Amino acid sequence: MDMIQLQLFASIARTLNFSRTAEQFFITQPAVSHQVKKLENSLGVKLLKRSSHDVSLTAEGEEFLAYVDRILSISFDAENRIQNMASGRSGHVRVAALSSASYQLSDCLIKLYREHPSFQVDIDLLEGTEMTDALKRGSYDFFFAVVPMIPAGNEYEYAVIHEGSLELLVNKGIVTTIDLSDWSTIERYPFVSVPRSDMTLSNHITRICSERGITPNIINYYNRAESVVLSVNAGVGIAILPGELGKLYQRPNVISLPIDGEDAKIITVFIWKKGDDNIAGRIFRDTVTSLFP
């Protein structure tokens, strides 16, 4: 079992087409078949079901694919990191950030790279559920999240870096019919939203509406906040999102209306693990906390 075999298997698992995989890797179809056969022989199982018309994964193939994805991801990350070290990029941290914290993260990176140009920061932009899971697992060095996501206990420390609020995003074609002092003018329109599984934001939106005496008619849920904004832009519905997202995913037909009230506030925080005191982590932490004392 070697890396090229794993890469070929991962490609076939997604394309379900040997010819397309051969084209992607600039090799012949028989060569692809030969490598996959060697992989199956080394494992002692069939990973793929083949017929004259189609290709599909066996149960073992479905299970194996998840491991292959992780192996390839770790391999690519390791190769990238070692090559960066060889070229003089000595500092390295992994950061997870909510999209709504993009502006604060960007400010931190500007200052960091001005003072430490050889530093390497790996960044993943996560949605709410992904961030909650990442914090539970401790799978990053640093996190840009919101207060309700801070895990209970003493594992993490944090600093407040931004105070914002939820905003009502509406299509510009209906903005003149909206009156934020009368939420019955809002209730008449269908809503689009993040999924209920994103409990931090979803519960906040529900609470905002409940406090103002309405029950939103949510007609579509989207797994990415950007999709919510695109939907508002298309006139599918209106939405409540952190104001920073309206700026980040700015679209020509979307108007953002600030929601007044303490219950609409969102506090963005910078989170790090207690006890992690390596040099690279200390540099990054000091950079962020110096910007947001």
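Reader: Let's start with α9. What do its buried residues pack against?
Author: They pack against β6 (156-171), β7 (191-193), β9 (239-242), α10 and β10. Contact here means heavy atoms within 4.5 Å. Buried means under 20% relative accessible area, exposed means over 50%, and partly exposed is in between (1.4 Å probe, protein chains only). Helices (H or I, at least four residues) and strands (E, at least two) are DSSP runs, numbered from the N terminus.

Reader: Before we go on, what kind of model is this?
Author: This is a predicted model, where local features need pLDDT of at least 70, side-chain atom pairs count only at pLDDT 80 or more, and totals for chains, interfaces and linings use all residues. Residues are numbered from 1 along each chain as its sequence is written, and side-chain values use heavy atoms, with hydrogens and water left out.

Reader: Good. Which residues of α9 are buried?
Author: Ala 225, Val 228, Val 229, Ser 231, Val 232 and Asn 233.

Reader: What follows α9?
Author: Gly 235 does, with a positive phi near 85°.

Reader: Switch to charges. How many salt bridges are there?
Author: The count is 9. The rule asks for a side-chain nitrogen of Lys or Arg within 4 Å of a carboxyl oxygen of Asp or Glu.

Reader: Which residue does Arg 224 pair with?
Author: Glu 130, with the closest N and O atoms 3.2 Å apart. The pair links distant parts of the chain, 94 residues apart. Arg 224 is in the loop between β8 (218-221) and α9 (225-234), while Glu 130 is in helix α6 (residues 128-137).

Reader: Is Arg 224 buried, exposed or something in between, and how about Glu 130?
Author: Arg 224 is partly exposed at 30% relative accessible area. Glu 130 is partly exposed too, at 34%.

Reader: Which residues are linked with Arg 224 in a network?
Author: Glu 127 and Glu 130 are linked with Arg 224 in a network of salt bridges.

Reader: And Glu 226? What does its side chain meet?
Author: Glu 226 meets Arg 251 in a salt bridge, 3.2 Å from N to O. Glu 226 lies in helix α9 and Arg 251 in the loop between α10 (243-248) and β10 (254-258), so the pair ties together parts that are 25 residues apart in sequence. Glu 226 is partly exposed at 33%, and Arg 251 is partly exposed at 23%.

Reader: What about Lys 265? Where does its salt bridge go?
Author: To Glu 262, with the closest N and O atoms 3.0 Å apart. Lys 265 is partly exposed, at 40% relative accessibility. Glu 262 is exposed, at 61%.

Reader: Why do such side chains pair at all?
Author: Opposite charges can pair when the charged atoms come close.

Reader: Cysteines next. How many disulfides?
Author: A search of the whole structure finds 0. The test is a pair of cysteine sulfur atoms within 2.5 Å. Cys 108 is buried at 0% relative accessibility, and Cys 209 is buried at 0% as well.

Reader: Now α2. Which of its residues are buried?
Author: In α2 (residues 18-25), Phe 18, Thr 21 and Ala 22 are buried. Seen down the helix axis, they fall within an arc of 100°, so they line one face. That arc uses the directions from the helix axis to the C-beta atoms.

Reader: What does that buried set pack against?
Author: α1 (3-15), α3 (29-43), β1 (48-50) and β2 (55-57).

Reader: What caps the N-terminal end of α2?
Author: Asn 17, with a side-chain oxygen 2.9 Å from the backbone nitrogen of Ser 19. Just after α2, Phe 26 has a positive phi of about 55°.

Reader: And Gln 29? Which residues does it touch?
Author: Gln 29 sits in helix α3. Leaving aside neighbours within four places in sequence, Gln 29 is in contact with Phe 18, Ser 19 and Ala 22. Its side chain makes a polar contact of 2.6 Å with the side chain of Ser 19. A polar contact is a pair of N or O atoms within 3.5 Å; within protein, one must be able to donate a hydrogen and the other to accept it, and residues adjacent in sequence count only if both atoms are side-chain atoms.

Reader: Last one, Gln 5. Buried or exposed?
Author: Gln 5 is buried, at 3% relative accessibility. Gln 5 lies in helix α1, and a polar contact of 3.3 Å joins its side chain to that of Gln 35.
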